[in-house]
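Trainee: Please put the model up, and let us go through it chain by chain.

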Amino acid sequence: MKRLKPTVLTGDKPRHYRFENACETFHTATDGREEPVTALLELHDVHKSFDAVRALRGVSLELNAGEVHALAGENGAGKSTVVRIIGGEHQPDAGELVLDGVPRRFTGPRDAQQHGIAVIHQEPAQFPDLTVAENVFMGRQPLRSGRRIDRAAMRRRTAELLDSLGVPIDPDRVTRGLSIADQQIIEIAKALAAQARIIVMDEPTAALSTVEAQRLFGVARRLAEGGAALLFISHRLEELAELCERVTVLRDGALVTTAPMAELDRDALVRSMVGRAVEVLYPDRAGEPGEAALVVEGLTRTGVFHDVSFEVRRGEVVGLAGLVGSGRSEVARAIFGVDGRDRGVVLVGGRPLRAGDPRAAIAAGLAMVPEDRREQGLILDLSIERNATLPRLGAVSRWGLMSRARERAVAGEWTKRLGVRLRGLADPVATLSGGNQQKVVLGKWLATKPDVLIVDEPTRGIDVGAKVEVHALLADLAAQGIAVLMISSELSEVLGMADRVLVMHEGRIAAELSRGEATEEAVMQAATGGAA
Amino acid sequence: MTATASREARKAAFAGRELGIVIALAAVVVAAAVVRPSFVSGQGLHDLFLNASIIGLLAIGQTLLVITRNIDLSVGSVMGLTAFLSGQIFLQNQGTPVIVVLLAGIGMGALCGAVNGALVAVAKVPALVVTLGTLYVFRGIDYAWASATDVQQVNAYQMSPDFLSFGSGAVLGVPNLTLITLAVLAVAAYGLHNYRSGRELYAIGSNPDAARLAGIPTGRRVLSAFVISGALTGLGGVLHAAYFGTINASVGTGEELSVVAAVVVGGVAIFGGSGTVVGAALGALLLTTVTSALPILGVPAFWQRAVDGAALLVAISLDRAVMVRLAARLRAERAVRRE
């Protein structure tokens, strides 16, 4: 059944493929030896590059009707690119996408949707000003006479869909202010409304509680029983084992393996994802932590997080874990003063920090590497050197005028120390790979000589090699006496790096675990609101 | 039970904006009427609606664009150009039928809109920059045309009598211009609410990326919105010529700001995604009524612009206050749910 010869799409090749494929299907079907498996969608040796970054290097995948297929891989392995190619957002540079045995090139998301493909994105993309019903049916509203929208039918069908998903959300309310879990449900309702046959779920459970996730699995199974092909992405490996029949593993944009889920145990799966034993990834950390560098007491921002108290000592790495939306990043933003706070105190080096004043925070020795480096951490069009020196222009200026030479010297020193691979300091920072961009962000804050470093998702979307370097760097900083508060959604990262783990659940610290106590199970239990 | 509550809250919020304008309007009218009762006579009301008609027409077109997170600053110039076009047509042939002039103006406006729309939707230049540029380009063409043909001004006696009587006519006491604006308003309001393409304009303004992912042809929709807005502006220019009977190359100068002010006062979110054409038309009516009322209330004429600006600031501050309160309420709701 497997076609071994992946080929670049050229003039008459597709016809060959179709012919071969039809024969094979026919053959197996009449032969009766194997169950006839119909692949609704296949990817053959797909390649895709973005600027200098090779996101996919020869990925093949088959999605069969009635099957939930897992796509596993670390952040930056290329899963999202696969999702975007299936969803018609990107077109492969080489290789082909075959739908119902016919090679296709989608012209855009709408084209893909019209072929029965629905993508449920990790961060739901909704229209906050429009109602739930309008969000579900946008672009395919039920019509009545004169091609007018049948609002009554739209509302009724939305209510039915949401009921069938077990979540009664008012179809008439605007989606602004809905929780991520509810938004996710609306995304699924969208796919159902479109009667999609191929449904891609990109980390749908990242922000869901256990109960909500179980409900989602029920829905996913029902969809598969109805003959849909599902591609399911999750970082929680137990979920993959529970829900999926087969798994495809990607690493650094390349296909590692496709296998029945039952044949890969957890360790084998992790090994194939990471490419080496997990322990090796994280640097050895030793040394006694010093005095408290950052103390947070009773920090509250109404409706966002409540009564958050903890301390981070010099030389210590404290992990802040929790589901997306549990308030981790919001706590960090409030500590740094980007957002205000309603109650509570923040002490840096024993001195209280003024609320809502990032400049004061920087002056007090605080540095924060934000979650989204492209949006918040870097100015992509500016040069590497300009980005690297932005938070401390004072140090490269004299009498209010910047010195190019000093800027260059400071930037050069830090990029060298962090091992940033670059062509020239004057190149726009956008030309760097994700890992190197992250190092520039780290470098620009380290240059302020902070006592406390807050890093939010420090290794999101960067390749494994760069990840190891960033981890080593963080460990090194801690060893130099910097207090590190690390927010991460990657459990292995939290467990591998942190001396202590704080777990947030719905805006509160649900558990504080020492390195010994912090197991994957314990953290997940606390994060999903289970008994610790 | 919460469903009905939130539905009613939403209705109240919508009604709230339009009701607010109506109340402000009533207050201005009553104040002016107390000082001068003729303000609310048949002729007085006739004039109020007439004054608001052309700017209301432009505000409807502008709303289509602002909903999609775009803007058209060139409307004043487009209006000037089409008004001048009507004059030129009559200089060529004074007997040109009214309908031909109207269609020519609408066509010219649509063409200008297509230029703006193509630059925004195809060349991906921000609308603010594109239309600021075409504001000067269209006005420049207008002046160049005037000097090339040596036509500084076109007067009523040079136009067709049919055209002039169309411009100043009325049906059952309602001015023709107002009837046209109301007809356009009805079609636009119905279309935005009941057709897919109308809802898609809101979707584009509410979240452009999500609109693209939902498969909405965003470029085509934005281009269409520019063309429709341009066509309405063109119509506005011809109506201006028919009503005033005097045209030169500077008609409509500065009109873009009044139009945008009317739209914003009318409750259309400047960052797109929400607002109605009815609100925008009411906003236009409120601003022109304030302008008419100020001299009666003893406010010197040179304060008019300042009052327009103040109305704009009040409207935006109110929107902001409502948003902040809404955000706080949503946060509190989630907090309660967590307890």
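**Chains, helices and contacts**

Mentor: Buried residues make up 48% of the 532 residues in chain A, where buried means 20 or more other C-beta atoms within 10 Å of the residue's own, exposed means 12 or fewer, partly exposed lies in between, and C-beta atoms are placed from the backbone. This is a predicted model, in which local features need pLDDT of at least 70, side-chain atom pairs count only at pLDDT 80 or more, and totals for chains, interfaces and linings use all residues. Residues are numbered from 1 along each chain as its sequence is written, and chains are lettered from A and ligands numbered from 1 in the order in which they are written.

Trainee: Is helix H2 of chain A largely enclosed or open?

Mentor: H2(A) spans residues 79–86. Its buried residues are Lys79(A), Ser80(A), Thr81(A), Val82(A), Val83(A), Arg84(A), Ile85(A) and Ile86(A). That is 8 of the 8 residues, so H2(A) is largely enclosed.

Trainee: Which residue with a positive phi follows H2(A)?

Mentor: The phi in question is near 80 degrees. The residue is Gly88(A).

Trainee: Is Leu442(A) buried or exposed?

Mentor: Leu442(A) sits in helix H15 of chain A, residues 434–446. Leaving aside neighbours within four places in sequence, Leu442(A) is in contact with Val369(A), Leu418(A) and Leu473(A); contact means C-beta atoms, placed from the backbone, within 7 Å. Leu442(A) has 24 C-beta neighbours inside 10 Å and therefore counts as buried.

Trainee: What is the C-alpha to C-alpha distance between Leu442(A) and Arg359(A)?

Mentor: Leu442(A) and Arg359(A) are 83 residues apart in sequence. In space their C-alpha separation is 18 Å.

Trainee: Turning to chain B, what is its radius of gyration?

Mentor: Chain B has 13 helices and 4 strands, and 47% of its 339 residues count as buried. The radius is taken over C-alpha atoms, and the globule rule is 2.2 Å times the number of residues to the power 0.38. For 339 residues a compact globule would come near 20 Å, and chain B agrees with that at 21 Å.

Trainee: Which helices of chain B each supply at least two residues of the side that touches chain A?

Mentor: The contact takes 29 residues from chain B and 26 from chain A. On the chain B side the residues divide into 11 nonpolar, 8 polar and 10 charged, with Ala, Val, Leu, Ile, Met, Phe, Trp, Tyr, Cys and Pro counted as nonpolar, Asp, Glu, Lys and Arg as charged, and the others, Gly among them, as polar. The helices are H1 (2–35), H8 (196–206), H9 (208–213) and H13 (304–338).

Trainee: How many of the 11 residues of H8(B) are buried?

Mentor: Among the buried residues are Arg199(B), Glu200(B) and Leu201(B). The buried residues of H8(B) pack against helix H4 (132–137) and strand S8 (148–149) of chain A, together with helix H2 (42–67), helix H7 (176–194), H9 and H10 of chain B. H8(B) is largely enclosed by the rest of the structure, because the buried count is 9.

Trainee: At what angle do H6(B) and H10(B) pack?

Mentor: H6(B) covers residues 161–168 and H10(B) residues 218–244, with axes 7 Å apart. Axes are lines fitted to C-alpha atoms, for helices over the stretch in contact, and angles run from 0 to 180 degrees between N-to-C directions. The angle is about 100 degrees.

Trainee: Which residues of H10(B) meet H6(B)?

Mentor: From H6(B) come Phe163(B), Leu164(B), Phe166(B), Gly167(B) and Ser168(B). The residues of this contact divide into 6 nonpolar, 2 polar and no charged. On the H10(B) side they are Leu239(B), Ala242(B) and Tyr243(B).

Trainee: What is the handedness of the crossing of H2(B) and H7(B)?

Mentor: The axes of H2(B) and H7(B) come within 8 Å and cross at roughly 30 degrees. By class, their contact has 9 nonpolar, 4 polar and no charged residues. A crossing is left-handed if the near helix is turned anticlockwise from the far one by less than a right angle, and right-handed if clockwise. This crossing is left-handed.

Conventions
Contact = placed C-beta atoms within 7 Å.
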